[in-house]
2 protein chains.
Amino acid sequence: MLFEGSEKKLEVVVATAAGPLRALGEEFWKSLVESVGAQILSKLSRADCDAYLLSESSLFVWDNKFTMITCGRTTLVSALTGFLKRISVDQIDAIVYERKNEYFPRMQQTDFYSDLDVIQQVAPGFAYLFGHAGEHQLFLYHLDRPFKPSRSDVTSELLMNHIGGLAKDVFTKCNQSAQDIRAHLQLDQIFPGFAWDDHVFEPCGYSVNGIKGKRYVTIHVTPQDGGSYASFETNVDFGESLPEVLSQVLSRFQPQSFDVVTFRPDDKNVEFHAPDYGRTNRIYEHLKCGYRVHFTSHYLVNSAIQSAQPFGV
Amino acid sequence: MLFEGSEKKLEVVVATAAGPLRALGEEFWKSLVESVGAQILSKLSRADCDAYLLSESSLFVWDNKFTMITCGRTTLVSALTGFLKRISVDQIDAIVYERKNEYFPRMQQTDFYSDLDVIQQVAPGFAYLFGHAGEHQLFLYHLDRPFKPSRSDVTSELLMNHIGGLAKDVFTKCNQSAQDIRAHLQLDQIFPGFAWDDHVFEPCGYSVNGIKGKRYVTIHVTPQDGGSYASFETNVDFGESLPEVLSQVLSRFQPQSFDVVTFRPDDKNVEFHAPDYGRTNRIYEHLKCGYRVHFTSHYLVNSAIQSAQPFGV
């Protein structure tokens, strides 16, 4: 009954000559999603963006870019190889593939090393490891091609392990209603004016996509016993307010530990300190494709004494 | 070139009727060690204990007990099944099998779940998980049999990840001499009067066993890039001085993070706080076989900013 909440992410930016990606049609995106082992559950469409809720996380498609995020045992690299069969790699401006270390790596069909072997065949690039073996880690690949992200091309991720407090009750309760979860998350407070699409999974789990213009936010919660996980990601550039936003999201989940990952086109650093959490694993890299990536890990310090978890008998 | 430093540990206590274990002879222990995929490198023998240095960690044999610790890709459970072919499970007083989460779990031949399947066939018992998925974890099994550890049956482990500072230089330098490493460790200061046996591995790595009467200490250092690891373990009962001893060992390795595991026959708790480290994952369990086990994880807080690690190109 273990479910892997940790996610893989694929971002592809295409040149204008590749044509608007949304014109490729829903059948194309459906087949791409299915190739990784996921299904489309619903679609929210606005002038600048199509947002798909997936059985394993989310897909956002703009005319010049798509971002696919998948959890579980999905093989996200298949979406890249499938995409490159339709759009030649010559028409690609940038590719970033990111993979968080898993809770249950032996249940995965691939690891980042084997993913990389496949990717290098179709789109040679560079790979980095953020973080130490045995700790929170982020694996990252990008295409070997000069790219200049726009000034507003900022992405922030808050990756939360082992949710606690009230959040644990809200998300693990059986037959929970979307309305109760929305009331707990209060996302309109942080993202006013966004259009929303959400889904409550059986027996538990919650996903929500929000879009407004070219901006998105997405949250995925896998509250399963043995390894609960919640991810928050947005391309809204909160600037110096980012720590306040992260604090607000954090208060909705109260995790045992979390990581912050930011992609920026500039050197503006995000210093985030959460009360009660100690920060370790501060990693910074200026990628050759233009993005500056910060990765920090934060652990609840002096957490309460707990019992061990009996199992397997 | 990745090497797994994290260890598995097997402890077996036999009834007097099983006869002195050291009388089983060196050939028997050699075959047991080889069955897990390791080799005996050397042997230090004293009145109460035989201490073997292995190609992957250590084996200690007393007349009524043995403790085998192995790292790398070894299959330590084979030593238990092999042992039980010679000594019937009816003649066993206690079995404890412990497995630390690995740096590179996908390189392992088994995981704790499959280990447990094998063990339950020959020696039914209970299993526990200390720690959360994705964080430092300890898996633990013990035989389902009443056992009363003696008052002095205390074991302390200090499991250190990603050694730093001077230790990094001392242990990763090629062609390092045992003498230089001994001068760095100064183990006589902490363990006066112990007999020592040590080994410097090619291209790097260091193991040392020390014994005095029925007491042992063992240290294993795998300083390989990509995941350095050092473990310290002793059955000397330092009582209230344990934090001071742990601090001294810690200062020799300056790790990025570490865990403390203690087995005691009583409720005397060990509270260890290291300056600069935040403590999380406090787990306590009173095992049905009599031992009280404490497990705490400690992370260096506000560690210096680092670059990501390029790889795979």
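Trainee: Is A:Gln254 buried or exposed, or something in between?
Mentor: A:Gln254 is partly exposed, with a relative accessible area of 39%. For the labels, buried is under 20% relative accessible area, exposed is over 50%, and partly exposed is in between, using a 1.4 Å probe and protein chains only.

Trainee: What kind of model are we looking at, and how is it numbered?
Mentor: It's a predicted model, where local features need pLDDT of at least 70, side-chain atom pairs count only at pLDDT 80 or more, and totals for chains, interfaces and linings use all residues. Residues run from 1 along each chain as its sequence is written, chains are lettered from A and ligands numbered from 1 in the order in which they are written, and side-chain values use heavy atoms, leaving out hydrogens and water.

Trainee: Back to A:Gln254, what's its phi?
Mentor: Phi of A:Gln254 is near 45°, a positive value in a residue other than glycine. Most residues other than glycine have a negative phi.

Trainee: Where in chain A does A:Gln254 sit?
Mentor: A:Gln254 is in the loop between α7 (242–253) and β14 (257–264) of chain A. Those are DSSP runs numbered from the N terminus: helices are H or I with at least four residues, strands are E with at least two.

Trainee: And what about B:Gln254?
Mentor: B:Gln254 isn't a glycine either, yet has a positive phi of about 45°. You'll find B:Gln254 in the loop between α7 (242–253) and β14 (257–264) of chain B, partly exposed at a relative accessible area of 38%.

Trainee: Switching topic: which residues does the cis peptide bond in chain A join?
Mentor: A:Glu202 and A:Pro203, with omega about -5°. A:Pro203 lies in the loop between β10 (195–200) and β11 (206–212) of chain A.

Trainee: Which residues does the one in chain B join?
Mentor: B:Glu202 and B:Pro203 are joined by a cis peptide bond, with omega about -5°. B:Pro203 lies in the loop between β10 (195–200) and β11 (206–212) of chain B.

Trainee: Now rings. How many aromatic pairs over all chains?
Mentor: The search finds 51. Rings of Phe, Tyr and Trp (its six-membered ring) pair if their centres lie within 6.5 Å; planes under 30 degrees apart are stacked, over 60 edge-to-face, and the rest tilted. One of them is A:Phe191 with A:Trp196, edge-to-face at 6.4 Å centre to centre and 80° between the planes. A:Phe191 is buried at 1% relative accessibility, while A:Trp196 is partly exposed at 28%.

Trainee: Which residues make up the cluster with A:Phe191?
Mentor: Ring pairs link A:Phe191, A:Phe194, A:Trp196, A:Phe232 and A:Phe238.

Trainee: What lies over the face of A:Phe126?
Mentor: A:Lys288, at 4.2 Å from the ring centre. Likewise, B:Lys9 lies over the face of B:Phe263, at 5.3 Å from the ring centre. To count, NZ of Lys or CZ of Arg must be within 6 Å of the ring centre and within 35 degrees of the ring normal.
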